[in-house]
Amino acid sequence: MERLIITIAPTGNVPTKAMTPHVPVRPAEIAADIVACYAKGAAVAHIHARDEQEVPTCDSHYFAEIVKLLDESGCPILKQISTGARGGKSGEARAASLGLQPESASLATGSSNFPASINANDPQLIEYMAKIMLDNHIKPEIEVFDAAMIHNAVNLQKAGLLKGPLLFNLVLGVKGSLPATAKNLFFLVESLPSDAVWSVSVIGPSHVNLSAVAMALGGHVRVGIEDNVYYTKGVLATNTMLVERIAGIARSIGRDLATPDDVKRIWGIA
């Protein structure tokens, strides 16, 4: 079985310092947490940014500071920039940080519901973002909140806007989207192209069990305070705790951890 890619999502758009003191929001905090998680086994960093008021932002200034600090640290973890809808509304704003030339970036290939808002991604915006990533040799990670997003991605590949192998992140447990159940996980995995590379992001109390199921199926795992504030019921998580637990499960079932060089090979990027 292929080596396990652990992606760390340290910040996201939702957690605040009021919810947990462990969420990093300043560029220096975010970069330091990513470096610490790399030491525990993470090979990819899914990066969100916050402004001075700790509000989610797609302003490239903040992303650039995080990237600069990571580069200065010498940490080889692969950088994946979020282009999610909460960080900015227009395609131009959401794509601004792609100019930093990260190895990867998120690409939602459809619209869905968040608990109190719409995750809006119209077809024109999706094609616009996909074209920028294609032209700049940035590997899109297709964020799947709904099964139709898989088929939309396949159609984008047929249109020449995505290159294989397609990279998917199956997101389960967001209120308003697919619940975090094994049945839904199996359905999504069975819907993927045969050569797809995929990971799971499981939000809520099922995240450990379903992440272990994904590992057993040959998938990869994303963890982090973005997706789960708690380590166990009543116990606040740190990002390193979440990475360490997944790394430990992987070792217990005989899956080695992927390095950043392994990720490039598995994703099919130079």
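View 1. Pro-27, Ala-28, Ile-30, Ala-31, Ile-34 and Val-35 of H1 meet Tyr-62, Glu-65, Ile-66, Leu-69, Leu-70 and Ser-73 of H2, where contact means heavy atoms within 4.5 Å. The residues of this contact comprise 10 nonpolar, one polar and one charged, with Ala, Val, Leu, Ile, Met, Phe, Trp, Tyr, Cys and Pro counted as nonpolar, Asp, Glu, Lys and Arg as charged, and the others, Gly among them, as polar. Helix H1 spans residues 27–40 and helix H2 residues 60–73, and the two pack at an angle of about 40° with their axes 9 Å apart; axes are lines fitted to C-alpha atoms, for helices over the stretch in contact, and angles run from 0 to 180 degrees between N-to-C directions. Helices (H or I, at least four residues) and strands (E, at least two) are DSSP runs, numbered from the N terminus.

**View 2. Strand S9 with its partners S6 and S10.** Strand S6 (residues 104–108) is joined to S9 by five bridges, and these two strands run parallel, while four bridges join S9 (residues 139–144) to S10, also in parallel. Glu-143 of S9 is the bridge partner of Ala-108, and Glu-143 also stands opposite Asn-169 in S10. Six of the six residues of S10 (residues 167–172) are buried, so this strand is largely enclosed by the rest of the structure; buried means under 20% relative accessible area, exposed over 50%, and partly exposed in between (1.4 Å probe, protein chains only). Leu-167, Asn-169 and Val-171 lie on one side of S10, and Phe-168, Leu-170 and Leu-172 on the other.

View 3. Not counting residues up to four places away in sequence, Met-133 touches Thr-83, Leu-98, Ala-105, Ser-106, Leu-107, Ile-138 and Pro-140. Met-133 and Ala-95 are 38 residues apart in sequence and 9.0 Å apart in space, C-alpha to C-alpha.

Residues are numbered from 1 along each chain as its sequence is written, and side-chain values use heavy atoms, with hydrogens and water left out. In this predicted model, local features need pLDDT of at least 70 and side-chain atom pairs count only at pLDDT 80 or more, whereas totals for chains, interfaces and linings use all residues.

Notes. Pairing = 2+ DSSP bridges.
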